[in-house]
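Here is a short briefing to read alongside the structure. Have the viewer open, and look up each residue as it comes up.

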Amino acid sequence: RAVPEYFSSDMANLYILLNRFEPIMLRSQPMEHVMQLVVTLMDSTLLKNAHLRGQLPDILTLALPVGSIASPDHMLVTQPFFTELLIPKLLGLYVEIEFGENQFYGKFHTRYTISQILKYLWQHPVYHESLRKYERQKMIRFVNMLCNDAVWLLDEALKQLEEVRSEQKAMAAPEFMRLNAFDRRRREAQFLQLQRTTRSQMNLAYASIQMIGYMSQGYREPFLSKDLIERVAEMIDYYINKLNGPRVSSLKVKDPKKFGFRPKMLLRDLIRIFLVFAEDEGFLRAVASDARSYDPAVFNKAASNLEKRDIVTESEQRRFRRVLVKLERHVHELKREDEILGEVPDKFLDPLMATLMADPVMLPKSKVVCDRSVIKRHLLNSTTDPFNRSELHINDLIDLPDLKKEIQDFIESRRKLAQEKKS
């Protein structure tokens, strides 16, 4: 039982063209049944091709009020058909588009459109409740994909911004004016293309960061799950460091708005997300253990920047300062734990992260032993064994209770030894 692919494709193209050439006529028509059909077709059992389903959110945006202003009496808010189905359908498609034929630009277009629909829906509390009812493991997969997008897009955009800075300096140099007319025009055309690409990547990155922001305000638990907490902490640490660290000057370009770069807004959003998650001690511990990006000096500089430039409110500035004090405490605790454990036997270390395992499991095909949390994080992105690329699922993992007890005994013996030395 499936819908012919041409039906969905033709319908999407028809409504996109009508919206382009006859928007007033289109929006004056009743859209309820059309939108119900669109939501129904997002089901992978009816329309298997994720690429074609990826066109459907474009039609759904036609139902949004002008300016996406909150509308308590809107059909998407009042009708149970939409309030019950929209969240699972949109979040499911957000994940499934990763594995369809529609790669790269098409994938990000679909996800950007979904983010704009969710931004409107999130203004209405009924959708907060709908999100909480969404299956937990599916929600974790969605959050993982959302973080993947935010990291990749923002990384690419910031790299391109460094390219922009370099090219602006080159085009301002006397040597550029000495080039012949053809070469100058070619360089200028390439620079315009770089400007468009950078602006596009920035807009997509901001959409992902903003989605993390408003979703975490009302439902932070999936972001702080054991599977994702370290990943989320590392992501936020890295970009706070990037925007305040020693290499921030490489991002300074002429007319940054032309390239979609709004550093104050980006830092504000990141700090507010950070403050929401910082209410959880597990998150703070994950931040403090991030040796790559957490630098107390850089975070203190970030605090000064927030205060000097009024990037966030005074209340948020004070909260950030208090969090930095807590982080210092966690750093000292982690350092003390490392000193207590001393040199850890290799067989207790996870081969992917080189960290002490808490719950060791064996991968059935490669026979490699990993920490459960590490391999679960890998499986969120790829259902393969990272050591031989064979198919692997979470239920295939083999528990190793004897090794787990051996690790626990090792930790306990080291703590007792440290206590004895202290006394």
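Predicted model: local features only at pLDDT ≥ 70, side-chain atom pairs only at ≥ 80, totals over all residues.

**Positive phi angles**

- Ala354 is not a glycine, yet its phi is positive, at about 60 degrees.
- With a relative accessibility of 57%, Ala354 counts as exposed, since the exposed class begins over 50%.
- Arg389 is another residue other than glycine with a positive phi, in this case near 65 degrees.
- You will find Arg389 in the loop between α18 and β3.
- Arg389 is exposed as well, its relative accessible area being 53%.
- As background, most residues other than glycine have a negative phi.

**Helix α1 against helix α3**

- Helix α1 (residues 5-21) and helix α3 (residues 32-41) have axes that come within 12 Å and cross at roughly 135 degrees.
- That angle makes α1 and α3 oblique to each other, because only angles over 145 degrees count as roughly antiparallel.
- The crossing of α1 and α3 is left-handed.
- On the α1 side, the contact is made by Phe7, Met11 and Tyr15; on the α3 side, by Val34, Leu37, Val38 and Leu41.
- Sorted by type, the residues of this contact between α1 and α3 are seven nonpolar, no polar and no charged.

**Helix α13 against helix α14**

- Helix α13 (residues 229-244) packs on helix α14 (residues 263-277) at an angle of about 145 degrees, the axes being 10 Å apart.
- The crossing of α13 and α14 is left-handed.
- From α13, the residues that meet α14 are Val232, Ile236, Asp237, Tyr239, Ile240, Leu243 and Asn244.
- Their counterparts in α14 are Leu266, Leu267, Leu270, Ile271, Ile273, Phe274 and Phe277.
- The residues of this contact between α13 and α14 divide into twelve nonpolar, one polar and one charged.

**Salt bridges**

- Side chains of opposite charge can pair when their charged atoms come close.
- The structure holds 26 salt bridges, and a few of them are described here.
- Glu156 pairs with Lys159, with 3.9 Å between the closest N and O atoms.
- Both Glu156 and Lys159 belong to helix α10 (residues 136-172), where they are three residues apart, about one turn of the helix.
- Glu156 is partly exposed at a relative accessible area of 22%, and Lys159 is partly exposed at 49%.
- Glu307 and Arg321 also meet through their side chains in a salt bridge, at 3.0 Å from N to O.
- Glu307 is in helix α16 (residues 296-308) and Arg321 is in helix α17 (residues 314-341), so this pair ties together parts that are 14 residues apart in sequence.
- Glu307 counts as partly exposed, with 33% relative accessibility, and Arg321 is partly exposed with a relative accessible area of 30%.
- Glu406 forms a salt bridge with Lys347, in which the closest N and O atoms are 2.6 Å apart.
- This pair links distant parts of the chain, 59 residues apart: Glu406 is in helix α19 (residues 401-422), while Lys347 is in the loop between α17 and β1 (360-362).
- Glu406 is partly exposed, with a relative accessible area of 33%.

**Two residues and their neighbours**

- Is Gln160 buried or exposed? Gln160, in helix α10, counts as buried at 12% relative accessibility, because buried means under 20%.
- Leaving aside neighbours within four places in sequence, Gln160 is in contact with Leu194, Thr197, Thr198 and Gln201.
- Pro386 belongs to the loop between α18 (372-379) and β3 (398-399).
- Pro386 counts as partly exposed, at 23% relative accessibility.
- Not counting residues up to four places away in sequence, Pro386 touches Leu352, Leu363, Ile375 and His378.
- From C-alpha to C-alpha, Pro386 and Phe223 are 24 Å apart in space, and in sequence they are 163 residues apart.

Definitions and conventions
Residues numbered from 1 in each chain as written. Heavy atoms only, no water. Axes fitted to C-alpha atoms, helices over the stretch in contact; angles between N-to-C directions. Helix = DSSP H or I, 4+ residues; strand = E, 2+ residues; numbered from the N terminus. Parallel < 35°, antiparallel > 145°, perpendicular 65-115°, else oblique. Left-handed = near helix turned anticlockwise from the far one by under 90°. Contact = heavy atoms within 4.5 Å. Nonpolar A, V, L, I, M, F, W, Y, C, P; charged D, E, K, R; others polar. Buried < 20%, exposed > 50% of the residue type's maximum accessible area, 1.4 Å probe, protein only. Salt bridge = Lys/Arg side-chain N within 4 Å of Asp/Glu carboxyl O.
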